[in-house]
Amino acid sequence: MAHTAMSGDGTTAEDDPLQTAVWRLRSRACWADAAALLEPEGPKAALQRASLLVERCLYTEAGWEQAEDALRTAEAAAHSDDERGAAACERGYLAYAATLFQVRDRADEARAALGRAAALIAPGAAGRALLDFRRGLIAENLTRSPQAARAAYRRAHAGATAHADPLLLSGTWRHLAGLALREGELKEARHGFAESLRIREELGYLVGTAPALASLADTESEPEASRLREEASRLLRLLGGVPTWLARQLAPPGAATA
C-alpha cells in the first residue's frame with residue numbers, strides 16, 4: 001500500500017518544518033498526531049488531513065469514523081477540479097479499504113469515486129499516478145484481474161517517475177513485484193521488492209518498511225528469508241503491531257494476536 005510523498009511533503013531537506021514534522025509522525029504510524037498538526041481550513045490542508053486518516057485505516061483497520069469526518073470536510077472545502085478529483089480519489093481509497101478488510105462492502109462506491117476522480121484529474125497531472133495506482137489495487141484485490149492491475153500499476157509507475165514521487169514509486173515496484181511472484185517470475189519479483197525496500201529505507205518510511213522486508217523474504221532462500229522476516233517482526237514490535245494485517249501474517253502458527 002502506497003501513498004504520495006514528494007518534495008513539499010516533508011521528505012526533503014527543502015521542505016518547511018510543519019511538513020517535515022507531519023512526515024516524521026506519519027512514517028512512525030502516528031497519523032492522528034500528524035493530522036492534529038494541520039488546521040483543515042483550506043482545501044489543501046483539509047485534503048492532507050483526510051489522506052493521513054484514510055491511510056491510518058489501511059494500516060490499523062481502525063479510525064473509520066474519523067477518516068469519514070475528515071474526508072467530508074475535505075470534500076466540502078474543494079473548489080477546483082483538481083481538488084475535487086483528489087478528494088474523490090481519497091473517497092475511493094477509503095471505500096476500497098472498508099471492502100478489503102470486510103468492514104462493509106463498498107466496492108461499487110470505490111469504483112464510482114475513482115471514476116469521478118478520473119473525470120476531474122487531467123491526464124499527466126501529478127494526482128493521476130496515485131489514481132492509477134489505486135485503480136490497480138481495486139483490479140488486483142477486488143476484481144481479481146491481474147492483467148488490468150498490471151496495466152494500471154505500470155501507468156502509475158511511469159507517472160510516479162515523471163513527477164518524482166518516490167513513495168508512490170515504492171508502491172508500484174512492490175505491487176508489480178507481487179504480480180510477478182504469483183506468476184513464478186522470481187528474479188523480477190526480487191528486484192521489484194528490493195527497489196521498494198530501498199526507497200522506503202531511504203525515505204525513513206518505517207511503517208512501510210516492515211511489509212517491504214516481509215515481501216522480499218518471500219523471494220529469498222534461507223537463512224536470508226528468516227533474517228528479513230525477523231527484521232520485519234522487530235519493526236512491527238517497535239510500531240505497536242502496525243500494520244495489523246502484517247502482524248497476523250508474521251505471527252507464529254497457533255500464536256494469539258491482539
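1. The model is predicted, with local features requiring pLDDT of at least 70 and side-chain atom pairs counting only at pLDDT 80 or more, while totals for chains, interfaces and linings use all residues. Residues are numbered from 1 along each chain as its sequence is written, and side-chain values use heavy atoms, with hydrogens and water left out.

2. Helix α10 (residues 186–203) and helix α11 (residues 206–217) have axes that come within 9 Å and cross at roughly 160 degrees, the axes being lines fitted to C-alpha atoms over the stretch in contact, with angles running from 0 to 180 degrees between N-to-C directions. The helices are DSSP runs (H or I, at least four residues), numbered from the N terminus. That crossing makes α10 roughly antiparallel to α11, a term for angles over 145 degrees.

3. The contact (heavy atoms within 4.5 Å) involves Arg190, Phe193, Ala194, Ser196, Leu197, Arg200 and Glu201 of α10, together with Gly208, Thr209, Ala212, Leu213, Ser215 and Leu216 of α11. Sorted by class, the contact of α10 with α11 has six nonpolar, four polar and three charged residues, where Ala, Val, Leu, Ile, Met, Phe, Trp, Tyr, Cys and Pro count as nonpolar, Asp, Glu, Lys and Arg as charged, and the others, Gly among them, as polar.

4. A search of the whole structure finds zero disulfides, meaning pairs of cysteine sulfur atoms within 2.5 Å. For Cys30, the nearest cysteine sulfur is that of Cys57, 16 Å away; for Cys89, the nearest is also that of Cys57, 15 Å away.

5. Cys30 counts as partly exposed because its relative accessibility is 26%, whereas Cys89, at 3%, counts as buried; buried means under 20% relative accessible area, exposed over 50%, and partly exposed in between, with a 1.4 Å probe and protein chains only.

Terms used:
Helix = DSSP H or I, 4+ residues; strand = E, 2+ residues; numbered from the N terminus. Parallel < 35°, antiparallel > 145°, perpendicular 65-115°, else oblique.
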